[in-house]
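Biologist: Could you walk me through this model slowly, as if I were new to structures?
Modeller: Gladly, let us look at it together.

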Amino acid sequence: MRVLVFSSQHYDQHSFDRAAADHALVLHHQPARLTFDTAMLAQGFDVVCAFINDQLDAPVLERLAAGGTRLIALRSAGYNHVDLAAAARLGLVVTRVPAYSPHAVAEHAVALVLALNRHLHRACNRTRDGDFTLHGLTGFDLHGKTVGIVGTGQIGEAFARIMAGFGCQLLAHDPSPNPAVLALGARYVTLPALLRQSHIVSLHCPLTEQTHHLIDAHSLAELQPGAMLINTGRGALVDTPALIDALKCGQLGYLGLDVYEEEAQLFFEDRSDLPLQDDVLARLLTFPNVIVTAHQAFLTREALDAIARTTLDNILAWSQGQPRHTVLA
């Protein structure tokens with residue numbers, strides 16, 4: 001069975017090739033992002049393996065189906081970028097990786113908290129330039145601070161455990177309270193209450209119609225002045241232009257992003273020799289209290305291996321007529 005892996009980076013190739021060693025699958029790695037124009041590359045492939053920024057709208061799915069593709073194997077948990085109704089109409093099965101390493105994403109969120117709080121990015125740049133002063137590098141103790149966690153699935157739970165270990169007070173917001181998070185002493189509250197009471201807010205919820213721009217100008221105004229916001233979930237959970245106004249007036253004191261609403265045309269590519277065309281992102285990067293990483297929270301050896309194993313297991317199960325981890329319209 002032939003599988004075309006779109007948006008394949010060197011780390012994908014290593015993890016997938018290792019996982020495929022015991023399977024009768026022929027993997028072809030394609031570094032290009034899946035779009036309407038590149039979909040023709042999948043002609044004759046039974047399976048297309050896609051990542052989070054690949055384009056999977058109706059026109060792309062129609063072109064894939066016409067070329068013989070029958071399975072879309074997502075190597076991600078999220079599937080908001082897939083037109084599931086079109087996939088069902090075309091007879092395309094869609095599978096995903098519901099969980100790989102919640103610790104990877106949670107730990108990256110904590111890394112952003114620590115780096116922002118203790119100004120590690122600024123301190124590193126200073127010492128490299130021979131400046132060993134401490135002006136402007138004052139942080140705060142995490143112990144005793146209130147941390148608001150929006151979304152308490154596996155990743156939110158892992159984040160809650162780490163922050164509880166720092167001695168933080170935990171608030172949570174989720175339509176389905178997690179008993180494990182409650183056992184850590186967390187209190188479930190409304191989103192406005194969470195925003196008003198938290199020193200740090202971290203987003204770990206999926207992107208849906210209900211959570212699109214969950215954090216906008218109105219919700220940012222609910223924050224404690226100088227609060228910290230972390231987003232390692234999905235870029236569109238946040239109305240990004242609204243962040244700039246909140247940063248300028250000091251309402252938002254710290255911002256850590258591993259995802260960005262318009263990241264599809266930017267992330268996972270080396271664009272260091274080109275002018276940054278995204279004015280909103282360019283403005284964000286000028287703030288000293290902002291850290292943006294390029295969707296790397298998932299990037300640990302353990303997570304990559306788990307993603308590859310689960311994706312290939314999904315493909316094999318589908319080929320045997322027993323599809324697993326399918327996504328329905």
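**The sheet and its surroundings**

Modeller: Seven strands make up an open sheet with parallel pairing, in the order E8-E7-E6-E9-E10-E11-E12; here strands (E, at least two residues) and helices (H or I, at least four) are DSSP runs numbered from the N terminus, and two strands pair if DSSP finds at least two bridges between them. This is a predicted model, in which local features need pLDDT of at least 70 and side-chain atom pairs count only at pLDDT 80 or more, while totals for chains, interfaces and linings use all residues. Residues are numbered from 1 along each chain as its sequence is written, and side-chain values use heavy atoms, with hydrogens and water left out.

Biologist: Which strands are at the edges?
Modeller: The edge strands are E8 (187-188) and E12 (290-292), each of which pairs on one side only.

Biologist: And how many bridges join E10 to E11?
Modeller: Five bridges join these two parallel strands, and one of the facing pairs is Asn231 opposite Leu257 in E11. Between E10 and E11 the chain passes through helix H10 (residues 240-248), in a β-α-β crossover that is right-handed, meaning that with the strands pointing away from the viewer the path from the first strand over the helix to the second runs clockwise.

Biologist: Is E10 buried or exposed?
Modeller: Five of its five residues are buried, where buried means under 20% relative accessible area, exposed means over 50%, and partly exposed lies in between (1.4 Å probe, protein chains only). Ala227, Leu229 and Asn231 are buried on one side of E10, and Met228 and Ile230 are buried on the other. In a regular strand the side chains alternate between the two faces of the sheet.

Biologist: Which strands does helix H4 lie across?
Modeller: Helix H4 (residues 102-117) lies across E9 (200-203), E10 (227-231), E11 and E12, running at about 145° to E10. Contact means heavy atoms within 4.5 Å, and the axes are lines fitted to C-alpha atoms, for helices over the stretch in contact, with angles from 0 to 180 degrees between N-to-C directions. Helix H6 (residues 154-165) lies across E6 (146-150), E7 (169-173) and E9, at about 175° to E6.

Biologist: Switching topic, how many aromatic pairs are there?
Modeller: A search of the whole structure finds four, where rings of Phe, Tyr and Trp (its six-membered ring) pair if their centres lie within 6.5 Å, and planes under 30 degrees apart count as stacked, over 60 as edge-to-face and the rest as tilted. The rings of Phe140 and Tyr254 have centres 5.9 Å apart and planes at 70°, so this pair is edge-to-face. Phe140 is in the loop between helix H5 (120-128) and E6, and Tyr254 is in strand E11, so the pair ties together parts that are 114 residues apart in sequence.

Biologist: Are those two residues buried or exposed?
Modeller: Phe140 counts as partly exposed at 22% relative accessibility, whereas Tyr254 counts as buried at 15%.

Biologist: And where is Ser7?
Modeller: Ser7 is in the loop between strand E1 (2-5) and helix H1 (10-19), and Ser7 has a positive phi of about 55° although it is not a glycine.
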